[in-house]
Every structure is written in structure tokens, then in C-alpha cells.
Amino acid sequence: RHRPFLLMQGVKGLEQSLAWLDERGLEDEVVRSYVAGPTAVPYPSEPYPWIELLQLGTKGLQEAETWLMKNRKWSAEQVSNALCQEPYILLAAATAAGVGLKPYPGYPLPEPRDSWLQTHAAEATSL
């Protein structure tokens with residue numbers, strides 16, 4: 001609901017983002033070892049950041065990689081290794097690079113002020 005870019009980039013954009021991640025070594029076994037590691041937080045609390053990575057899109061992922069290579073003097077291999085060991089490094093680099101998604105009109109969707117229960121509880125107590 002708050003990430004319309006995932007829908008706006010379409011299937012081709014998602015496939016390009018996945019291909020970019022795959023080229024840098026992010027594969028199923030890497031994800032499995034990350035979420036099953038000794039310091040991993042159980043799934044419902046902190047899942048693997050797929051949505052955040054895919055939300056960046058290929059352009060944002062590339063800009064984050066470029067930022068790490070330029071400002072941290074990392075090689076492409078170091079970026080790939082860091083991505084596979086701790087994916088949040090790439091998300092932090094994207095933030096540092098100023099990669100941000102522009103909001104779309106109408107997002108996020110408005111929240112109702114009152115729930116059904118609050119409305120009916122207020123009516124019942126006023127009787």
C-alpha cells in the first residue's frame with residue numbers, strides 16, 4: 001500500500017532488479033544462511049529486506065553500489081560480499097546516495113479516523 005513503485009515498475013523492472021542482485025551473488029543459499037544465522041531475528045519481526053531492495057529498482061541499486069565504490073573505496077567484489085553478508089549495507093548506501101522514491105498522488109491511502117468498533121462503542125455508550 002505504501003510502496004506503489006513496486007507496481008509501477010512492472011514485471012520487467014522487477015526482473016531487472018532481481019537479475020542485478022543475482023549478478024552480485026545474492027542467491028537462495030545466501031538468503032537461507034542469512035535468515036538462519038545465529039544472530040538472525042525470527043521472521044515475523046525482521047524478514048529479509050526483499051521489498052526494500054526491489055523498491056530501489058535497478059537504478060537505485062546501481063547508485064548505491066556506485067556510492068560505496070566512490071565514497072568508501074570498495075571494489076565491486078567487496079560490494080557483492082557485503083550485500084551477501086548484510087543486505088542492509090546496500091540500503092544504507094542508497095540512503096547516503098540520496099536515492100529516494102518520489103511519492104505518487106493518492107499514496108499513502110488515507111486511514112479512516114474511527115474503526116467500526118469505536119463508532120459503535122461510542123453510540124452504545126451515548127444511549
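Is Arg24 buried or exposed, and at what relative accessibility? At 14% relative accessibility Arg24 counts as buried, a term that stands for under 20% relative accessible area, with exposed meaning over 50% (1.4 Å probe, protein chains only). This is a predicted model, in which local features need pLDDT of at least 70 and side-chain atom pairs count only at pLDDT 80 or more, while totals for chains, interfaces and linings use all residues. Residues are numbered from 1 along each chain as its sequence is written, and side-chain values use heavy atoms, with hydrogens and water left out.

**View 1. Arg24 in the loop between α2 (10-23) and α3 (28-35).** Helices are DSSP runs (H or I, at least four residues), numbered from the N terminus. Beyond its neighbours within four places in sequence, Arg24 is in contact (heavy atoms within 4.5 Å) with Gln62, Glu65, Ser80, Leu83 and Cys84. A polar atom of the Arg24 side chain lies 3.1 Å from the backbone oxygen of Trp20.

**View 2. Glu65 in helix α4.** Glu65 counts as buried, at 5% relative accessibility, and its side chain makes a polar contact of 3.0 Å with the side chain of Arg24; such a contact is a pair of N or O atoms within 3.5 Å, where within protein one must be able to donate a hydrogen and the other to accept it, and residues adjacent in sequence count only if both atoms are side-chain atoms. The C-alpha atoms of Glu65 and Leu90 are separated by 7.1 Å, although these residues are 25 residues apart along the chain.

**View 3. Lys73 in the loop between α4 (50-71) and α5 (76-85).** Lys73, which is not a glycine, has a positive phi of about 60°. Lys73 counts as exposed, at 65% relative accessibility.

Notes:
Helix = DSSP H or I, 4+ residues; strand = E, 2+ residues; numbered from the N terminus.
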